[in-house]
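Me: I would like to learn how to read a few local features from a model, going slowly from one to the next. Could you take me through them with the structure in view?

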Amino acid sequence: MKRLRWWLETTETRVPLHGGSVLVGRSPDCDVVLTNEAVSRHHALFRVVEDGVEVIPMGRQGVGVNGASRDEPCTLGEGDVVELAEHRFTLRSEALADEEPSLLWFVERTAGVLMRVGAAVLSVGGGPEDDLVVEGWPPRGMALHPVGAGLVLEALVPGISVGRPLDVGDLTPLRSGDRVTLHGASLRVVALPADPSKPTGVPTLEEPASGVALTILPRGGQLVVTTGARGRSVWLAERRCELVALLMQPPAPLRVGEMIPDATVAERLWPGADSGRTEINTLVCRVRKDLERVGVDGVTLIERRGGALRLNLAPGASVTVTKH
């Protein structure tokens, strides 16, 4: 599917949907502030979805879409006109060129033979259904997740070591040259520049965030991550928002930044369901990818090890959660 860049257009300006969503209203905490008294404090949320842009009415007056009044969420397409009180926004889009990765990751099992890790998760183990078979390893021993320009290892069985022993369920970022060992057999991960004439360094981990602010809204939430003087905003869909909210407000006696056990996470996110490590790891990887999309180092921000996870924040970092 062709990737699109979306924006809201008025007669005077355009409002890009870079972070995946834009909140419009009269309140100063909105992305677009309209001072008209007929506009609600939080009037409407625009968020990018798979087949277009969804508008979620949040004010008492609803919104107008192509001349029809709407008080329930609806999906918009190219050229649709949305009215908020006396303000009109036209949805526009353009196709984005396919991104060529600057860095390519490979697995080296035999010296000089490199197997590329593509955009999908790579299963490594000794089973016939594994993408890369390593003799002597159990089936689905580990999974390699591409996240942004980096690569993250998910330990699926006990005994895996990458310079240190990993627990089952650990998610650990890899560096070029790292050697992964299990049951006496090992492999090496290698990162190479896509264009050899333009050497590209392996991305380094970002410094911990100095502030995180989450606004919980219908069907998800808006997260702002501040590192140094720079703040970056991203929309998180429902379950992903719930995970980040839990990390920002862990149950007592835990405090922000302390490791939250998987059992606690599973019970809070899937109460009464038979969910655990696999579901948590999938959710963590999806949140990290959302963060990477807006330039936040998700691997640094959400730490996963030892059957638990936490927010990795700078000392004295500000943490704010508000609910609409």
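Me: Which residue just after α3 takes a positive phi?

Reply: Bear in mind that this is a predicted model. The residue is G295, which takes a positive phi of about 90° just after α3. The helix itself covers residues 277-293, and its 17 residues reach 24 Å from the first C-alpha to the last, close to the 24 Å expected at 1.5 Å a residue.

Me: Which residues of α3 are buried?

Reply: The buried residues of α3 are I280, N281, L283, V284, C285, V287, R288, D290 and L291.

Me: How are two packed helices described?

Reply: In general, one gives the angle between their axes together with the distance between the axes. Here, the axes of α1 (residues 238-248) and α2 (residues 262-269) come within 11 Å and cross at roughly 135°, which makes α1 oblique to α2. The crossing in which α1 passes α2 is right-handed.

Me: Which residues of α1 and α2 meet?

Reply: From α1 there are R239, E242, L243 and L246, and these meet V265, R268 and L269 in α2.

Me: Does T90 count as buried or exposed?

Reply: The general idea is to compare the relative accessibility with a cut-off, and buried means under 20%. T90, which lies in strand β11 (residues 87-95), has 16% relative accessibility and therefore counts as buried. Leaving aside residues up to four places away in sequence, T90 touches W7, L8, E9, G79, D80 and V81.

Notes. Residues are numbered from 1 along each chain as its sequence is written. This is a predicted model: local features need pLDDT of at least 70, side-chain atom pairs count only at pLDDT 80 or more; totals for chains, interfaces and linings use all residues. Side-chain values use heavy atoms; hydrogens and water are left out. Helices (H or I, at least four residues) and strands (E, at least two) are DSSP runs, numbered from the N terminus. The expected span of a helix is 1.5 Å times one less than its number of residues. Buried means under 20% relative accessible area, exposed over 50%, partly exposed in between (1.4 Å probe, protein chains only). Axes are lines fitted to C-alpha atoms, for helices over the stretch in contact, and angles run from 0 to 180 degrees between N-to-C directions. Angles under 35 degrees count as roughly parallel, over 145 as roughly antiparallel, 65 to 115 as roughly perpendicular and the rest as oblique. A crossing is left-handed if the near helix is turned anticlockwise from the far one by less than a right angle, and right-handed if clockwise. Contact means heavy atoms within 4.5 Å.
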